[in-house]
Amino acid sequence: MVQFRFLGILMAVAIRTKKPLDLHLAPWVWKQLCSMPLGEPDLEEVDLLTFRTLQGILHLENSGITEENFHVMIPLDSFVAHSADGRLVPVGPGGQNISLNFSNRTEYVERTVVAMRLWARPPQHLEQLVCGLPEVSVETLKKLVRYRDIAESHQLVAWFWQSLEEFTNEERVLFLRFVSGRSRLPSNPADMTQKFQIIKVDRVSLG
């Protein structure tokens, strides 16, 4: 998560300063940013060890591995695999309860490839990490406000939030831009350290 945020900041700086960057990122990253489907070559590029292990399990020709010695040669007992964060997790529903053997190894490889695609971050997640949330939520805005000389329970505050609820998302984007200079909220509200303020101002009569 930290690395994705850093990448987003790096890209933003490059765009704002018009300084091109030679970023040697795996096609797996670029394809997700462009909503392109992932294939086996992409999985091979980001996790070569797992890819070769799967190919070794699938293609046993001339390997000397038979149905009799399969469990001795293959160090896996069930339909499990290492996820992107290194945890050993089930491959598909109930995978930990399915015994891996010579006859169902093809199903195991197919399910693992599908799971690896799912473990890759979806394009929407990447977009949110790099660009922020597309929707300006009132509930999120309430976490980013500081009250000054007025109580949160005051009727004026209630009317204020009610008005924002009635805004369209485009109107809330304009509001966010007015109070913060940005058009999207971060995916993690804690990343927005500078809060906007609601201040009570006494009406002054000009006669």
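This is a predicted model: local features need pLDDT of at least 70, side-chain atom pairs count only at pLDDT 80 or more; totals for chains, interfaces and linings use all residues.
Start with helix H1, residues 2-17. At 1.5 Å a residue, its 16 residues should span 22 Å. The end C-alpha atoms are 22 Å apart, which agrees.

Now look at how H1 sits. Phe 4, Leu 7, Gly 8, Met 11 and Ala 14 are buried. Seen down the axis of H1, the buried residues fall within an arc of 130°, so they line one face of the helix. An α-helix has 3.6 residues a turn, so residues three or four places apart point the same way. The other side of H1 holds exposed residues: Val 2, Phe 6, Ile 9 and Arg 16. After H1 comes Lys 18, with a positive phi near 55°.

The model has five aromatic pairs. One of them joins Phe 70 and Phe 102. Phe 70 belongs to helix H5 (residues 70-73), while Phe 102 lies in the loop between strand E2 (88-90) and helix H6 (105-119), so the pair ties together parts that are 32 residues apart in sequence.

The two partners can be described by their accessibility. Phe 70 has 0% relative accessibility, so it counts as buried. Phe 102 has 24%, so it counts as partly exposed. Phe 102 also has a charged neighbour: the charged end of Arg 105 sits over its ring, 4.3 Å from the centre.

Finally, find the aromatic cluster. Phe 160, Trp 161, Phe 175 and Phe 196 form it together.

Methods
Residues are numbered from 1 along each chain as its sequence is written. Side-chain values use heavy atoms; hydrogens and water are left out. Helices (H or I, at least four residues) and strands (E, at least two) are DSSP runs, numbered from the N terminus. The expected span of a helix is 1.5 Å times one less than its number of residues. Buried means under 20% relative accessible area, exposed over 50%, partly exposed in between (1.4 Å probe, protein chains only). The arc is that of the directions from the helix axis to the C-beta atoms. Rings of Phe, Tyr and Trp (its six-membered ring) pair if their centres lie within 6.5 Å; planes under 30 degrees apart count as stacked, over 60 as edge-to-face and the rest as tilted. A charge sits over a ring if NZ of Lys or CZ of Arg is within 6 Å of the ring centre and within 35 degrees of the ring normal.
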